[in-house]
Amino acid sequence: MDFWQEIIMALSRNKLRTSLTGFAISWGIFILIVLLSAGNGIMNGISAEFSDKSQNTYMIYGGETSKPYMGHGTNRSIRFSDKDIWFLENGFRNVDQVSPRIYLNGFATFNDKSGSIFLQGVKPVFKEINTIKMSEGRFVNELDEKNREKYIVIDKSLCNKLFDEEASPLGQFVIINGIAFKIVGVWEGDVDSNGSNGYVPFSTLKKITNQRHYYMLHFTTKGLETKEDNEAYTDYLRTQLAHLHEFDPDDQAAVYILSSQEEYRQTMKILHTLELFIWIIGFAMLISGIVGVSNIMRITVKERTNEIGIRKAIGAKSRSILTSIVTESMIITTIFGYIGMWLGMVVAEVGGNILSKVQEGKSISLNIVPAIDIRIVLMATALLIVCGILAGFFPARNAVKIKPIEAINYR
């Protein structure tokens with residue numbers, strides 16, 4: 001009882017100093033938890049986004065040549081045609097599914113309502129290649145493509161502009177640039193786009209626009225597992241396209257080849273760097289709290305040096321004095337550390353609930369919700385407590401080594 005009364009008296013003797021030290025500890029663990037939960041939310045959101053997408057997707061964009069080659073000059077536009085589609089489907093190794101993409105800017109109207117739309121002609125496999133999420137109805141299918149049906153899949157943004165909330169758009173006709181399209185589906189939408197996006201069969205839009213050359217080709221691959229496989233395949237693909245379109249295989253500007261696996265690796269590399277940065281900042285905040293405890297305990301021990309000398313002179317053991325001071329440090333660290341821990345968890349949880357409600361029902365391609373890893377929280381708090389104990393131990397150990405007469409006369 002006397003032991004705990006002594007500790008309580010020591011802590012209450014300097015309330016302001018104890019409170020400021022405790023605040024530094026609480027703030028350090030609070031910031032660490034909030035930063036880590038935000039980092040986990042970003043990591044989980046992006047990992048989920050990539051898990052929904054096909055990670056073996058290639059996109060080929062036509063560019064302009066920057067080098068003369070085989071009698072051709074520079075600045076020659078490279079565009080794709082049905083010949084490229086045929087070669088991808090029949091002459092290129094590792095190719096699985098192929099879809100070209102053509103565009104048409106339009107204006108959609110339904111009764112007295114209207115809205116702009118970015119119309120894209122794609123093949124049915126485009127849905128799997130880009131993992132398009134349907135809200136209602138279906139995507140364009142092979143029969144639509146074969147028969148050149150004037151069917152359209154609109155996004156929720158355009159759906160909300162043209163139709164009342166309780167009305168179903170399925171089966172309705174919208175007029176786009178004077179042509180009637182029947183709505184067969186509604187997809188979630190793309191928040192990265194400035195306007196509404198709609199999909200129609202590739203053969204339909206090709207006939208309407210009479211396009212013979214395409215700016216972009218999408219396709220999936222099989223059998224490419226490693227980074228080296230994808231790098232070698234990219235070189236192979238560029239070489240084959242160079243032969244087909246007669247441009248220098250080393251001309252990087254002629255065609256742009258993007259691999260989703262490479263994009264995934266680059267994104268995860270950036271995220272891991274961000275995670276390391278968050279850990280460094282959070283750990284620095286934690287260290288500042290520990291340094292604060294250490295300095296306070298050093299000052300406390302210095303002020304109590306005379307008291308320690310008197311206690312040793314009347315028979316107190318060094319172990320009991322050391323235990324008393326270390327316990328003070330542990331109590332400060334533990335109490336304020338857990339306060340910071342719970343505050344951090346509450347803020348992360350409340351922030352996660354708010355973000356979930358904000359994102360609920362909206363066309364958000366990336367859901368980022370703070371996530372708490374309880375193991376890391378407990379490990380960080382335990383580390384803080386251990387460091388707090390050590391922060392009190394070393395000054396106290398030096399103090400109890402002083403001879404009683406020297407401690408009593410210490411100024």
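## Basis and overall make-up

Contact here means heavy atoms within 4.5 Å. The model is predicted: local features need pLDDT of at least 70, side-chain atom pairs count only at pLDDT 80 or more, and totals for chains, interfaces and linings use all residues. Residues are numbered from 1 along each chain as its sequence is written, and side-chain values use heavy atoms, with hydrogens and water left out.

The protein chain contains 13 helices and ten strands. These are DSSP runs numbered from the N terminus, with helices being H or I over at least four residues and strands being E over at least two. Of the 411 residues in the protein chain, 42% are buried; buried means under 20% relative accessible area, exposed over 50%, and partly exposed in between, with a 1.4 Å probe and protein chains only. Among contacts between residues at least 6 apart in sequence, 77% join residues at least 24 apart.

Serine 26 is placed in helix 2, residues 15-52. Leaving out residues up to four places away in sequence, serine 26 touches Phe336, Ile339 and Gly340. Its side chain reaches the backbone oxygen of phenylalanine 336 at 2.6 Å. The criterion for a polar contact is a pair of N or O atoms within 3.5 Å; within protein, one must be able to donate a hydrogen and the other to accept it, and residues adjacent in sequence count only if both atoms are side-chain atoms. Serine 26 counts as buried, at 10% relative accessibility.

Isoleucine 25 also lies in helix 2, and is buried with a relative accessible area of 1%. The C-alpha atoms of isoleucine 25 and valine 291 are separated by 9.3 Å, although the two residues are 266 apart along the chain.

## Strand 1 and its two partners

Strand 1 (residues 57-62) pairs with strand 10 in the antiparallel sense over five bridges. Two strands pair if DSSP finds at least two bridges between them. Tyrosine 61 has tyrosine 256 of strand 10 as its bridge partner. Strand 1 is also joined to strand 9 by five bridges, again antiparallel, and there threonine 57 has threonine 220 as its bridge partner.

In a regular strand the side chains alternate between the two faces of the sheet. Both faces of strand 1 are covered, with Thr57, Met59 and Tyr61 buried on one side and Tyr58, Ile60 and Gly62 buried on the other. Strand 10 (residues 255-259) has a covered face of Val255, Ile257 and Ser259, and an uncovered one of Tyr256 and Leu258.

## Aromatic pairs around Tyr58

Rings of Phe, Tyr and Trp (its six-membered ring) pair if their centres lie within 6.5 Å; planes under 30 degrees apart count as stacked, over 60 as edge-to-face and the rest as tilted. By this rule there are 14 aromatic pairs. The pair of tyrosine 58 and phenylalanine 219 is stacked, because the ring centres are 5.6 Å apart and the planes lie at 10 degrees. This pair links distant parts of the chain, with tyrosine 58 in strand 1 and phenylalanine 219 in strand 9 (residues 216-221), 161 residues apart. Tyrosine 58 is buried at 1% relative accessibility, and phenylalanine 219 is buried at 0%.

Tyrosine 58 and tyrosine 233 form an edge-to-face pair, 5.4 Å centre to centre with 65 degrees between the planes. Tyrosine 58 lies in strand 1 and tyrosine 233 in helix 8 (residues 227-245), so the pair ties together parts that are 175 residues apart in sequence. Ring pairs link Tyr58, Phe92, Phe219, Tyr233 and Tyr236 into a cluster. Arginine 93 lies over the face of tyrosine 236, at 4.1 Å from the ring centre; a charge sits over a ring if NZ of Lys or CZ of Arg is within 6 Å of the ring centre and within 35 degrees of the ring normal.

The buried residues of helix 8 include Tyr233, Tyr236, Leu237 and Leu241. The 19 residues of helix 8 should span 27 Å at 1.5 Å a residue, and the end C-alpha atoms are 27 Å apart, which agrees. The expected span is 1.5 Å times one less than the number of residues. Just after helix 8, glutamate 246 takes a positive phi of about 55 degrees.

In helix 7 (residues 202-209), Phe202, Ser203, Thr204, Leu205 and Lys206 are buried. The elements that these buried residues pack against include helix 3 (82-90), strand 2 (95-110) and strand 8 (196-201).
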